[in-house]
Amino acid sequence: MEALVDLAGVHLDALDGGPAVLDALDLALAPGTLTGLIGPPSSGKSVLLKLIAGLIRPNRGRAIVAGVDLLAGRAADKRQLQRSIGMLFQNNALFDSLTVFENVAFPLRRLPTPPTESEIGTRCKARIEEVGLGHAMDRFPHQLSGGMQKRAGIARATIAEPRLRLFDEPTAGLDPVTGARILALITELHRRDERGVTIIVSNEMDTLLAAVPRVILIDRGKVAWDGASALVDQAPDTVRGFITGEAA
Amino acid sequence: MSGIRGIVAAVGRTALQFAADLGGLAILFLRVLRTIPRLDIYELIRAAERFGWQSAPIIGLTAFFTGGIMVMQSLPYVEQLQAMRLLPWAASFATLREVGPVLIGLMFSGRVGSNNTAELGTMVVTEQVDALRLLAIDPYDLLIAPRFVAMVAMMVCLTIVGDAGAVIGAMVTARAMAGMEMFQFIQLMREQIHLADLASGLVKSGFFGAGIAVVSCYYGLATSGGAVGVGRAVNASVVASAVSIVVIDFAVTAVMGG
């Protein structure tokens with residue numbers, strides 16, 4: 001099956017002239033992949049997500065996402081691709097001037113051929129209820145707690161039924177119960193569209209390993225390990241050391 | 001030796017940064033011009049309401065007192081020269097052509113330009129601009145072009161409000177301090193002040209609006225480094241806007257001859 005995300009030898013220079021942010025990175029994700037992306041701080045995880053989303057252009061290598069070449073493709077194709085990507089940003093990136101409902105409705109209203117307002121209303125209300133924010137539809141982002149903002153961000157990222165779902169630290173700063181609930185919600189959304197790809201960046205190892213079948217460790221801009229969550233015990237010492245938090 | 005090298009390096013860094021900023025401003029301006037035909041009308045109306053309507057009272061009030069000050073500054077000289085008929089001209093000529101637009105431009109950059117930089121900068125550091133791009137929305141269509149057009153239009157409108165406020169302030173002060181009746185003040189002003197004087201100020205204010213818009217959007221979009229970065233961007237934007245007002249004023253005055 002053709003990979004939905006196909007990166008080979010991807011290289012991204014640092015702006016300050018330091019070590020490369022991504023260094024000859026190879027990654028192939030077939031449709032139906034649900035994977036966790038882990039790694040030390042500043043290892044390139046968030047940058048990799050933004051690169052896959054077409055927000056950052058690599059300097060070299062091959063980067064093909066859903067058949068669109070991110071280095072040599074046309075701008076119109078890239079825009080088309082971006083409409084099939086939903087992303088939860090690390091800072092949630094909710095629009096300050098819009099309510100929760102308006103934030104979630106925004107991607108639908110901005111489609112080239114948007115659904116009717118009544119359909120938008122029905123779909124958005126259903127998704128907002130699903131993430132447990134039915135009581136907060138008319139609130140603005142600054143009136144929400146961190147966990148509520150994450151859930152609103154997930155609702156917005158998934159409302160247009162994207163094929164590629166990217167979640168950057170969806171459980172960061174949340175209590176374990178809320179974090180587990182959010183990961184359960186993400187995996188449930190993935191289960192409904194198994195032709196798509198879901199990538200979750202997180203370092204909350206216990207909840208992540210329980211939620212995803214595959215884990216990719218990024219270190220110094222490279223894929224340091226890529227394997228099944230169940231086989232983490234058989235990973236090299238350095239990888240196990242990072243995952244368990246014990247020095248190798 | 002290392003001290004001299006340090007100085008040369010610092011001068012070089014500053015020169016490179018200055019060149020990069022100038023280039024960035026020019027690129028942003030050209031992109032805005034290209035984007036104007038497809039700007040978001042709803043955002044334009046929203047920006048115009050925020051930038052213009054909410055600034056009008058403070059601009060009108062400031063201009064009112066500026067008009068009064070111009071009368072107070074002129075009065076001793078026109079009295080000394082026994083040329084009281086020239087009082088409306090002395091109070092209004094420089095106000096309409098120079099003082100009004102520059103003062104309003106500086107207030108506009110402090111109030112609207114800095115707010116614009118802070119808002120855009122916050123949107124950048126909280127990834128809201130990335131979120132827009134991911135939805136295949138060009139931030140120039142939705143954020144930059146509407147703000148540019150709104151700032152140019154509102155700067156001109158606010159200058160008209162300010163001019164009116166300054167003339168009223170001058171009339172009231174002339175009545176109180178020199179006993180000149182208001183209808184006489186208006187009559188003399190109509191004889192001594194020409195439409196070109198008013199137009200000159202309005203043209204300048206339009207250019208000031210464009211300068212403030214380009215500078216404030218540029219520093220907003222170039223923000224990095226969280227809350228500290230937003231503070232730095234606002235500071236740079238206010239300073240650069242003030243400089244741009246003076247430079248644009250010099251250039252427009254030189255070209256228009258007054």
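1. What share of the contacts in chain B with a separation of 6 or more comes from residues 24 or more positions apart? The share is 88%, where a contact means two C-beta atoms, placed from the backbone, within 7 Å.

2. A word on reading the model: it is predicted, so local features need pLDDT of at least 70 and side-chain atom pairs count only at pLDDT 80 or more, while totals for chains, interfaces and linings use all residues. Residues are numbered from 1 along each chain as its sequence is written, and chains are lettered from A and ligands numbered from 1 in the order in which they are written.

3. Chain B has 9 helices and 0 strands (DSSP runs numbered from the N terminus: H or I of at least four residues for helices, E of at least two for strands). Its C-alpha atoms fill a box of roughly 65 × 55 × 30 Å along the principal axes.

4. Of the 258 residues in chain B, 42% are buried (20 or more other C-beta atoms within 10 Å of a residue's own; exposed is 12 or fewer, partly exposed in between).

5. Now look at the largest nonpolar core, with 129 residues (buried Ala, Val, Leu, Ile, Met, Phe, Trp, Tyr and Cys joined through C-beta atoms within 7 Å). Helix H6 (residues 139–178) of chain B gives the largest share, 18 residues. B:Cys217 is among the residues with the most contacts inside this core. Leaving out residues up to four places away in sequence, B:Cys217 touches B:Leu28, B:Asn116, B:Leu120, B:Ile144, B:Arg147 and B:Phe148.

6. Finally, find where the chains meet: 15 residues of chain A and 10 residues of chain B take part. On the chain A side, helix H2 (75–82) and strand E6 (85–88) each give two or more residues.
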